[in-house]
Amino acid sequence: MALRVALGLPKWTPNIVLMKIAGQEVLSEKIKRLAAQFFIRQLANGTQSPIYDQNCRPSIKLIKKDEVLMANLSADLVTSTDHIISFPDTLFSRNNVCEIHLSDFSFQNKAHPVFLIKDLFEEAVSKEFYDYHIIATDASKSRSFTSIAGISNLQSFVYRIHPINSIFTAEALAICQALDELSVTDKNLLLLTDSYSVLQALKCLTIKSPKVIHRLAGKIFVRKNFNQKICLVWTPGHSLIQWNEKADLLAKTVTESHPFIEWIASEDIISHFQTISLQKTNHSFQNSKYQESIGDIPTMLTLTPWLKNRREDIIIARLLTRMIITPALLHRFGLHNNPRCQICNRDNNIEHIILFCSKYSNHRSILCAKLNFDLQLGPSLKAFFQNAVSDKRHLRILLQSLKSFDIY
């Protein structure tokens with residue numbers, strides 16, 4: 001009922017159509033997802049979660065239903081929940097983090113030509129970091145693999161990671177792995193990455209930061225006991241900086257034969273299952289009888305930025321779902337005596353009004369010309385609306401023209 005009120009759709013709108021245009025999950029699937037999401041977050045909170053006692057053992061026992069839910073979750077992920085990235089045992093504040101340079105050097109300006117960025121970088125390294133052990137990291141995400149890579153003057157690494165992980169998580173894991181594998185003792189460390197978002201998150205570390213950022217802060221804290229100084233520097237990507245280019249190329253050379261790291265971020269798991277749940281809504285709609293007549297309607301969330309007020313939201317939602325008030329629709333539910341058009345003697349529904357009614361022939365010609373829509377190619381309301389909501393200009397034209405059709 002809340003969705004119907006929010007979208008301004010009548011009570012007889014089919015549930016599957018309502019969920020599709022609202023971009024919402026089927027309630028039964030959403031309940032399952034939220035239950036799984038709760039347990040995932042508790043596992044990611046680790047010893048900071050109330051489900052663990054002082055001895056770091058679970059203080060609650062799951063009922064059979066929830067055990068099955070978590071077992072299915074692990075099976076879907078093809079991994080164990082033991083590999084979910086969690087808070088470190090000791091939490092760190094931003095004061096414990098090393099030096100982070102996001103915009104302190106002249107080469108950190110992407111407005112410069114790439115050859116100038118390269119020269120400025122080399123100059124900065126020779127002046128500010130001449131005695132540092134340099135490490136560069138990068139990550140790559142493709143349809144086949146998600147990978148991390150790191151390189152120094154002494155060695156390098158490439159790993160596959162769980163494909164659900166976002167590129168943000170991958171970039172952070174790459175730095176974590178570099179601290180473990182590529183660091184040298186008793187030397188200053190300079191870590192280069194082209195992930196501005198990771199360094200920004202690390203610099204603004206709070207209790208609500210992603211767990212992988214807390215893990216990175218923990219790794220840095222440990223390395224401080226072995227290194228004199230640790231600096232993380234953002235380097236613009238694809239700017240001919242050789243360290244970046246080598247790490248990027250290394251990350252993209254990953255194959256099935258490379259070793260696999262099973263760590264997976266809880267935030268990415270939650271996002272993945274929400275996507276899957278929404279896909280189930282779309283799948284249900286596509287397999288329903290409404291797909292043929294209505295077509296693959298967009299969600300209102302994608303159209304709202306192009307609409308000016310709630311009235312326009314309601315009009316478009318009703319048009320796309322074919323729930324705009326017409327004599328034919330009212331007659332279908334026993335609310336109108338005559339479903340026929342008085343001029344054309346055909347069912348007076350939205351399709352007839354927009355595409356066929358002789359009363360609006362002049363307005364129709366003008367509207368189709370503005371939308372570059374050719375009715376002669378086979379008049380279809382599904383194709384007409386698909387054209388009309390394809391971009392902001394077409395949508396505004398449609399809304400302005402509806403008054404001529406006695407709809408708006």
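Student: In this predicted model, at what angle do the axes of helix H6 (residues 167-181) and helix H8 (residues 211-223) cross, and which term describes their arrangement?

Tutor: The axes of H6 and H8 come within 9 Å and cross at roughly 15 degrees. Angles under 35 degrees count as roughly parallel, so the term for H6 relative to H8 is roughly parallel.

Student: Is the crossing of H6 with H8 left-handed or right-handed, and how do the residues of the contact divide by class?

Tutor: H6 passes H8 in a left-handed crossing. On the side of H6 the contact is made by Phe168, Thr169, Ala172, Leu173, Ile175, Cys176, Leu179 and Asp180, and on the side of H8 by Val212, Ile213, Arg215, Leu216, Lys219, Ile220 and Arg223. Sorted by class, the residues of this contact come to 10 nonpolar, 1 polar and 4 charged.

Student: How are H8 and helix H7 (residues 196-203) oriented to each other, and what classes of residue make up their contact?

Tutor: The axes of H7 and H8 come within 10 Å and cross at roughly 70 degrees, and the two helices are therefore roughly perpendicular to each other. H7 brings Val198, Ala201 and Leu202 to the contact, while H8 brings Ile213, Leu216, Ala217 and Ile220. The residues of the contact of H7 with H8 divide into 7 nonpolar, no polar and no charged.

Student: Which residues make the contact between H17 and helix H18 (residues 392-401), and how do they divide by class?

Tutor: H17 and H18 pack with their axes 7 Å apart, at an angle of about 115 degrees. Phe384, Phe385, Asn387 and Ala388 of H17 meet His394, Leu395 and Leu398 of H18. The division by class for this contact is 5 nonpolar, 2 polar and no charged.

Student: Which residues lie nearest the centre of the largest pocket, and which elements give two or more residues to its lining?

Tutor: The largest pocket holds about 460 Å³ of space, and of the 21 residues that line the pocket, those nearest its centre are Ser293, Ile294, Thr321, Arg322 and Arg332. By class, the lining has 10 nonpolar, 6 polar and 5 charged residues. The elements that give two or more residues to this lining are helix H11 (290-294), helix H14 (327-332), helix H15 (350-356) and helix H17 (381-388).

Student: How many cavities of 30 Å³ or more does a search of the whole structure find, and which helix gives the most to the lining of the largest cavity?

Tutor: The search finds 1 cavity of 30 Å³ or more, and about 40 Å³ of space lies in the largest cavity. Its lining consists of Asp138, Asp194, Gly237, His238, Asn244, Glu245 and Asp248, which divide into no nonpolar, 3 polar and 4 charged residues. With 3 residues, the helix that gives the most to this lining is H9 (residues 242-252).

Definitions and conventions
Residues numbered from 1 in each chain as written. Predicted model: local features only at pLDDT ≥ 70, side-chain atom pairs only at ≥ 80, totals over all residues. Heavy atoms only, no water. 1 Å grid on protein atoms, 1.4 Å probe; cavity = no way out; pocket = protein on both sides within 12 Å on 5 of 7 lines; lining within 4 Å. Points joined across faces, edges and corners; volume = space filled by probe spheres on them. Helix = DSSP H or I, 4+ residues; strand = E, 2+ residues; numbered from the N terminus. Nonpolar A, V, L, I, M, F, W, Y, C, P; charged D, E, K, R; others polar. Axes fitted to C-alpha atoms, helices over the stretch in contact; angles between N-to-C directions. Parallel < 35°, antiparallel > 145°, perpendicular 65-115°, else oblique. Left-handed = near helix turned anticlockwise from the far one by under 90°. Contact = heavy atoms within 4.5 Å.
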